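Open the model in your viewer and keep the sequence panel beside it. The stops below are given in the order in which to select them.

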Amino acid sequence: MNLTLEDVTKIAHLARLALTEAELIQYQQQLSAVLDYAAMLNELDLDNIPPTTHAISRHNVMREDRVEPSLPLEDVLFNAPQQADNQFLIQSVLEE
Amino acid sequence: MTQYEAVIGLEIHAELMTRSKMFCGCRVVDSVEAPPNTAVCPVCLGMPGMLPVINRQAVEYAMRVALALNCTIQHHNIFARKNYFYPDLPKAYQISQYELPLGVNGWLDIELDSGETKRIGIRRVHMEEDTGKLTHLEDGGSLVDYNRSGVPLLEIVSEPDIRSGEEARAYAMKVRQILRYLGVNSGDMEKGVFRVEPNISVRPAGSQILGTRTELKNLNSFRSLAEGTAYEIARQIAVLRDGGQVVQETRGWHEGRRETFTQRVKEEAEDYRYFPEPDLPPLEIDNAWIERVRAELPELPDAKIARYRAEYGLTEYDARVLAEERAVAEWFETAVSIGSDPKTIANWIINDLFRLMNEHKQSITEIRISPHNLVELIQLVSNQTINNNTAKEVLAEMFTTGQPAQTIVQSRGLAQISDETTLRNLINQILVNHPEEVIAYRNGKQQLRGWFVGQVMKATRGQANPALVNKLLTQLLNTPSDNTNT
């Protein structure tokens, strides 16, 4: 399966990656190879097999509705590059 | 001129009133009042290595809603990651449901102003998590508070069956009423725990093709929902009549100017790259679980209204007013179960109790009068201890003091005067004191009768039994000889 350069550019944009022309071509080849590898599954008859969403067979892992302690404020903001008024201060978000 | 019709679908987001968040143990706090970032942990901050775990209560609340909205509950539930970059989501994805939502194919009947009922389809009800809150600063930059991040959120998506702002309002109000009945959401639109976003398009009447749609945001009241939707319909029709094209975009409602404005133009469909959330194993909901939740559902407003009319003989209006809020309906039902005529109880609640509640700005759960207290008051009227007007005064005093009716009647000496001899003597005395009015009345000035009643009531501080006063006045005014017969 061959991804176009356009496909790769779009994927890079969605992941907010700034790639050079050379990198785009490199990823085009690598990602195409990954998809080709996965496409081997198409050789099997999968018509009546439901898609697998999880590799292990556990289900219904739930917790009771109980309140647990939250983090102290200094820990919450410990990694924040900037903060103000006990909140994370971020740069203006420009909508596209 | 081409006639247009509107095609509207509503997306409703409702936070669920669990104690803790959807996937972690942080407390669900009032995101307007609580100090910022005081109810957050590694899970809802999206720290590396964190592991979300589903809150069972949130699932049950969501099931309640799906069942109350007549949805089919799907047995096999998968959570999905919805990927996008915006700082309200520290993980860069929101855990939601995509291909396999909790509830599908539901419906809700709404009442239109015309009195007709219209069925609105409900496409899906799914579980997700709310996002953090951004405050944009005037000089650039934004503050982020993650208290709301990870609060259980329900998304309820209607079919595009709605045709006007009024229908949109009726539908949203009914969904809100049901959520409140189910005890899963407070319905507070100003605090944003209940949010409504209509998708609006118009097309030539009768056409099957959908026009380009806009999505409307910032609607923080039902009035804004109705007005904003109507405004947007009119705007789109005007654009088309001018030969223009509607642009697919998100528009905001400007509360002050009462008009919509462009917020964000969507040039292409958003690409959220949904994929199954690997951190959350599937959620399997079996029939036993569904039936248990169904059995625990309270009686819903429509069923109550029908029962109040059939069983208690209430008018549709009275039944609707009483069933509007679950707490009021239950208060009324408790009073009926103690024993008194349901219609009389309904009248007292709707005419008198509601007025007092309004004056004192108290809800039914805050007032000091119990259903039992009201029934006692009604009994004092029916056994003629007090008359209706006195009873209204007594109710007002019960409301402020919390004392039972009997106590107030005794301590203030309000018991009705029903003793015939006492009243007869009193009336005779009045007639003796007002000979001119008596003569005028007997000469045909019938309207003086009301004045005599007034004199009796004044002399008895309103406590005379009105039926007896009427009977005695008829006798004594019309038979002159009785006048001196005391």
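**Stop 1: a hairpin in chain B**

Select strand β9 (residues 133-136) of chain B together with β10(B): the two pair in the antiparallel sense over four bridges. Strands here are DSSP runs of E with at least two residues, helices are runs of H or I with at least four residues, and both are numbered from the N terminus; two strands pair if DSSP finds at least two bridges between them. The model is predicted, so local features need pLDDT of at least 70 and side-chain atom pairs count only at pLDDT 80 or more, while totals for chains, interfaces and linings use all residues. Residues are numbered from 1 along each chain as its sequence is written, chains are lettered from A and ligands numbered from 1 in the order in which they are written, and side-chain values use heavy atoms, with hydrogens and water left out.

Another residue of β10(B), B:Asp145, is the bridge partner of B:Lys133. Five residues lie between the two strands, and B:Gly140 in this hairpin takes a positive phi near 90 degrees.

**Stop 2: the sheet that crosses the chains**

Which residue of β10(B) stands opposite A:Phe88? B:Val144 does. The open sheet has four strands in the order β2(A)-β3(A)-β10(B)-β9(B), with antiparallel pairing. Its edge strands are β2 (83-84) of chain A and β9 of chain B, each pairing on one side only.

**Stop 3: the interface of chains A and B**

Select the residues of each chain that are in contact with the other (heavy atoms within 4.5 Å). Chain B contributes 51 residues and chain A contributes 33 residues. Together the two chains bury about 3600 Å², 59% of it on carbon and sulfur atoms; buried area is the accessible area (1.4 Å probe) that two parts lose on being put together, summed over both. Highlight B:Arg56, B:Phe85 and B:Leu143, which supply 15% of the area that chain B buries against chain A, more than any other three residues.

The rule finds two salt bridges across this interface, a salt bridge being a side-chain nitrogen of Lys or Arg within 4 Å of a carboxyl oxygen of Asp or Glu. One links the side chains of A:Glu64 and B:Arg56 (3.0 Å, N to O).

There are 20 residue pairs in polar contact between chain B and chain A, both residues at pLDDT 80 or more. A polar contact is a pair of N or O atoms within 3.5 Å; within protein, one must be able to donate a hydrogen and the other to accept it, and residues adjacent in sequence count only if both atoms are side-chain atoms.

On the side of chain B that touches chain A, β2 (54-55), α1 (56-68), β10 (142-145) and β17 (283-284) of chain B each supply at least two residues. β10(B) gives the most, with four residues. The residues of that side divide into 30 nonpolar, 10 polar and 11 charged. In this division Ala, Val, Leu, Ile, Met, Phe, Trp, Tyr, Cys and Pro count as nonpolar, Asp, Glu, Lys and Arg as charged, and the others, Gly among them, as polar.

**Stop 4**

Select β6, β5 and β16 of chain B, an open sheet of three strands in the order β6-β5-β16 with antiparallel pairing. β6 and β16 (275-276) stand at the edges, each with a single partner strand, so one side of each is left without a neighbour in the sheet. β5(B) and β16(B) pair over two bridges, and B:Phe275 in β16(B) is the bridge partner of B:Arg81.

Next, show the side chains of B:Glu129 and B:Lys91, which meet in a salt bridge (2.7 Å, N to O). B:Glu129 is in strand β8 (residues 117-129) of chain B, and B:Lys91 is in the loop between β5 (80-83) and β6 (93-96), 38 residues apart.

**Stop 5: domains 2 and 3 of chain B**

Colour chain B by domain: domain 1 (4-289), domain 2 (299-412) and domain 3 (420-484), with bounds from an automatic or database domain assignment. The C-alpha centres of domain 2 and domain 3 of chain B lie 34 Å apart. Their contact takes four residues from domain 2 and six residues from domain 3. The area buried between these two domains is about 270 Å², of which carbon and sulfur atoms give 29%.
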